[in-house]
Amino acid sequence: MKTTVFFLFLSITSALFAEDGSRLWMRYDPLPPSVAQQYSSFIRSIDANPQTETGRIAVDEFISDFQQMTGEKLSLSRKKQPGQLIFERDNKLDAAYTIQTRSYSKGKLTVISSPNDLGFLYGVFHLLRLIQTQENITNLNISEKPSFDRRILNHWDNLDGTIERGYAGKSLWNWYELPEYHSRRYIEYARANASIGINGTVLNNVNADSLILSHEYLVKAAELAKIFRPYGIKVYLSVDFFSPSKLDTLSSNPLDAKVRQWWKDKAKEIYALIPDFGGFLVKANSEGIKGPSDFGLTSADGANMLADALEPYNGIVMWRAFVYNEDSEDRALEAYDKFHPLDGKFHKNVILQVKNGPIDFQPREPFSPLFGAMQNTPLMVEFQITQEYLGFSKQLVYLAPLFEECLQSDTYAKGKGSTVAKVTDGTIFRQSITAIAGVANTGNDANWTGHPFAQANWYCFGRLAWNHDLSSEKIADEWIRMTFSNDPEFIRPVKQMMLASREAAVNYMMPLGLAHLFAWEIHYGPEPWLNIPGARRDWMPSYYHKADPIGLGFNRTTNGSNAVSQYSSPLREIYNNLETCPENLLLWFHHVPWDYRMRDGKTLWESLCYHYQEGVDSVRRFQKVWDQMAPFVDTDRFKDVQYRLKIQITDAIKWKDGCTLYFQTFSHQPIPYELERPMNDLEDMKRGTIH
Ligand code: BDP
């Protein structure tokens, strides 16, 4: 008897506790009975008449998730009755969807209205989210319209299955098996994206293999497009500007009529296979990849040729502004210098895709000065969801605060309030296209993203792309409830930890506006001392930190590289002045003496040490918080996060030690006595014997 009970207990707990994270935020686990009862008494049947695959998915999704959460299976009924959930087509609606509670003589109804079935699907996911997060749904008056028309993931996936800067396994796309065999994950991927409003995916790496445009691969891509289509997701491809030379024997020169025709023919071929194909993403004349300047032409010349080929089919070109040259004195100047003169020269189906900061997805950068400056060219922000510079999938770093900081930065382009969000969403400048992109962090790991908390970065990108006014806090709250637990004892500390995690990473990696101190090639861990003879100098940390016996930081003021002048007034004056420059960007814009007094009275050197220490201390706090969370989380995910936090603390200490000890060789000042002594030896770290 005892043993049976014991085994019964074991099997129940293992069923409850086995959790590989594959369900993401779409768990729809049973709600506590009293809560479930409230929802099942409020929604009792569905009135829907789906005409499309998308509509059917919307209805099925609601019925099955509602049943999982409440235990009630909803019936379909076309007769008006209290407790009905009605899908109402409204062709004149100006929103993507609305969700309203309506009263009539016999009771209440919940109505999702939309001009199309995709709106129903989005509305369904919204309503499900409210139930999953245990919100009151008895008095709804919701109207939703996305901030950006195109909300796109960029996969840096190679055709051989590897992922550039991917930390969660191999590519989700099995190119070898396509188009014959499908992975169930293709649908799960589309469903997850639809649940947060993502409506586009660039399948392949920006460092594009020209083969993607071969007929063989287009057929494969078309198969993925077919699977994603009912979920409202369009396929885009990264293309190599030199494809006409690589796939054919042409010059690739845009001035060559045969080359122009080649692209037109290619577009025709693509649209025959993928009628709703989104368009091209292009990295050209960037990091050794060739482009129009190889023919003495501008980016506008190159982009416009591709745009002309796609134009008959409403396709777009997303042309990346990520360019820099070794001989430049300041890499931060280059994108602006190259693209600003081209403002207004792009065809209307071209949009410039600009990384959030002027350099390269660092833990903190000011926003790229191109935002707001190009008033006659559509621009879109590119964020990096994959944590290339923020600890891979080993560290817990919630990126919504980084995304939010950029989107809410004021460019002052048209006076106060010209935020990056508003200069790219069509509010301030008329834009033929509005869009936003995030470099995906997905892979074929069971939990999609490696770190369980990295799922939150995929989630928050989608939510902000849908509504850039959402706060990091609100998004974290939703995500925690859906992914882990609705228990306030769990939510409060975990949310605090998430919200503090980006600043923690900035502090232990590159505080006060420092950038680019990471290890060579792998981009993980500190290497501020790196100096490889003969290597590109703009890849060496000393190019960025400029440490010397006088001080630290890059002088980008009017008497330095003058990068400040690329910003609108009054921002350029604010950044230019050491006294008014935000301290979290101080060393980005100024070369600051070691004994300069910061606003809290500490010297720069002391402040630097304190920031590094604070970063390490924060991670220790995260560990303490998480250790208390065992009762709320399944064992698998609990242990996984606990283990990764151990890696994170070791890394944070290495960053602190490596950077403070190295900069000390310039400052010649002691580490403040009240701070921790370094655990690592600088010379060992330099020799790599610590790793
Ligand atoms: C850099 C990455 C590199 C990318 C490049 C890009 O290290 O792998 O190809 O950005 O965005 O940060 O093109």
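How many bridges join β12 to β13, and in which sense do the two strands run? Four bridges join them, and the strands run parallel.

## Basis

This is a predicted model, in which local features need pLDDT of at least 70 and side-chain atom pairs count only at pLDDT 80 or more, while totals for chains, interfaces and linings use all residues. Residues are numbered from 1 along each chain as its sequence is written, and side-chain values use heavy atoms, with hydrogens and water left out.

## Strand β12

Strands are DSSP runs of E with at least two residues, helices runs of H or I with at least four, numbered from the N terminus. Two strands pair if DSSP finds at least two bridges between them.

Six of the six residues of β12 are buried (under 20% relative accessible area, 1.4 Å probe, protein chains only). Val 350, Leu 352 and Val 354 lie on one side, and Ile 351, Gln 353 and Lys 355 on the other.

## Helix α9

α9 covers residues 299-310 and reaches 17 Å from its first C-alpha to its last, close to the 16 Å expected (1.5 Å times one less than the number of residues). Because 10 of its 12 residues are buried, α9 is largely enclosed by the rest of the structure. The elements covering these buried residues include α8, β10 and β12 (contact: heavy atoms within 4.5 Å).

## Thr 386

Thr 386 sits in the loop between β13 and α11. At 3% relative accessibility, Thr 386 counts as buried. Residues that Thr 386 touches include Tyr 167, Val 439 and Asn 441.

Conventions
Buried < 20%, exposed > 50% of the residue type's maximum accessible area, 1.4 Å probe, protein only. Lists of a residue's contacts leave out its neighbours within four places in sequence.
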